[in-house]
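Please look over the sequence and the model before reading on. The paragraphs below walk through the fold one part at a time.

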Amino acid sequence: MNHPELWQIRFSMYPEKARWALDYKQVPHVRHSLLPGPHVLTLMPRFGQKSMPILRHDGRVLKNSATVLDYVERTWPDPPLYPADAQQRARALEIQKWFDDEIGPALRRAAFFEWLPHTEYAARVLAGGLPAWQQKVYVSAFPCIRAVMRMDMQIGAAGAETGRERTKEALDFVVRHAAETGYLIGDRFSIADLTAATVLQATCLPLEYPASAPEPRPAGWQRWLERWRDHPGLDYVRRIYRDHRGQSCAVSE
Ligand SMILES: N[C@@H](CCC(=O)N[C@@H](CS)C(=O)NCC(=O)O)C(=O)O
């Protein structure tokens, strides 16, 4: 059986979009989980790109989460993630693009600003699931890896401030636009909700998110979560995860 293969980081938003779409459509797939840092050595020689998700299926290689989701939608159309109506579909894809290109990177800068300084905690979450000795090696290497991540994602105090503003803007957006039907487009779950909930999951860590965020949490990370605790947008994120995330269809990880 020719299963699609997904290259991913477990604890990350854009690969989560791809996992969710495949799980939602009950497509069995193989996940290759990589660690930030060493991932470059695996991906660059093979795909000439270091950012994930990357999906390989039937001789095709799809890069970038929107392209991956478009392929998944066309290849396994049921249940649909794209609205049937052309205007609604265009609007849903616009919302996906806004979350992908603007909100995601801004939110990630703000969240990582609080999260990355906690070496042991951050490295162990990223290396979750690996044997203890590999986690230990990763913790030791993490200060160097983190320096590259900070440069790559332009993480700093100014970006964190903007990131918090944009996160609030996005939470306000979902409250406003899902007020009538519970969904961002029309009256059913679509790619717009999948993307919004995925990008915003870091504000409330829904139970169904398939990566762990163990307690006790370091102070900065706890402060980030408490900042959003009373925002009504979290009800939307948790509800979308609870009602639509579904079970993993990974055949091996
Ligand atoms: N716009 C891209 C963003 C992808 C992205 O930033 N992926 C992150 C994981 S959340 C990544 O792979 N980072 C590692 C790197 O770029 O080296 C998409 O939608 O796929």
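The model is predicted.

Begin with the sheet. Five strands form an open sheet in the order β4-β3-β1-β2-β5, and their pairing is mixed. The edge positions belong to β4 (60–63) and β5 (250–252); each has a single partner strand, so one side of each is left without a neighbour in the sheet. From one strand to the next, the twist averages 30°. Within the sheet, β1 (residues 5–8) and β3 (residues 54–57) run antiparallel and are joined by three bridges. Trp 7 has Ile 54 as its bridge partner in β3.

Next come two helices in contact. Two packed helices are described by the angle between their axes and the distance between the axes. For α1 (residues 13–24) and α8, the angle is about 140° and the axes are 9 Å apart. Angles over 145 degrees would count as roughly antiparallel, and α1 and α8 are therefore oblique to each other. Their crossing is right-handed. On the α1 side the contact is made by Met 13, Glu 16, Lys 17, Trp 20 and Ala 21, and on the α8 side by Leu 194, Thr 195, Ala 197, Thr 198 and Val 199.

Helix α8 (residues 191–200) also holds Ala 196. Is Ala 196 buried or exposed? Its relative accessible area is 0%, so Ala 196 is buried. Leaving aside residues up to four places away in sequence, Ala 196 touches Phe 99, Val 174, Leu 184 and Tyr 236. Gln 222 is 26 residues from Ala 196 along the chain, and the C-alpha atoms of the two are separated by 22 Å.

The last stop is helix α9 (residues 219–228), whose buried residues are Gly 220, Trp 221, Trp 224, Leu 225 and Trp 228. Why do they fall on the same side of α9? They cover an arc of only 140° around the axis, which puts them on the same side of the helix. An α-helix has 3.6 residues a turn, so residues three or four places apart point the same way. The buried residues of α9 pack against α4 (86–115), α5 (119–126), α7 (157–177) and α10 (233–244). On the face of α9 turned away from the buried side are the exposed residues Ala 219 and Arg 223.

Key. Residues numbered from 1 in each chain as written. Predicted model: local features only at pLDDT ≥ 70, side-chain atom pairs only at ≥ 80, totals over all residues. Heavy atoms only, no water. Buried < 20%, exposed > 50% of the residue type's maximum accessible area, 1.4 Å probe, protein only. Helix = DSSP H or I, 4+ residues; strand = E, 2+ residues; numbered from the N terminus. Arc of directions from axis to C-beta. Contact = heavy atoms within 4.5 Å. Pairing = 2+ DSSP bridges. Axes fitted to C-alpha atoms, helices over the stretch in contact; angles between N-to-C directions. Parallel < 35°, antiparallel > 145°, perpendicular 65-115°, else oblique. Left-handed = near helix turned anticlockwise from the far one by under 90°.
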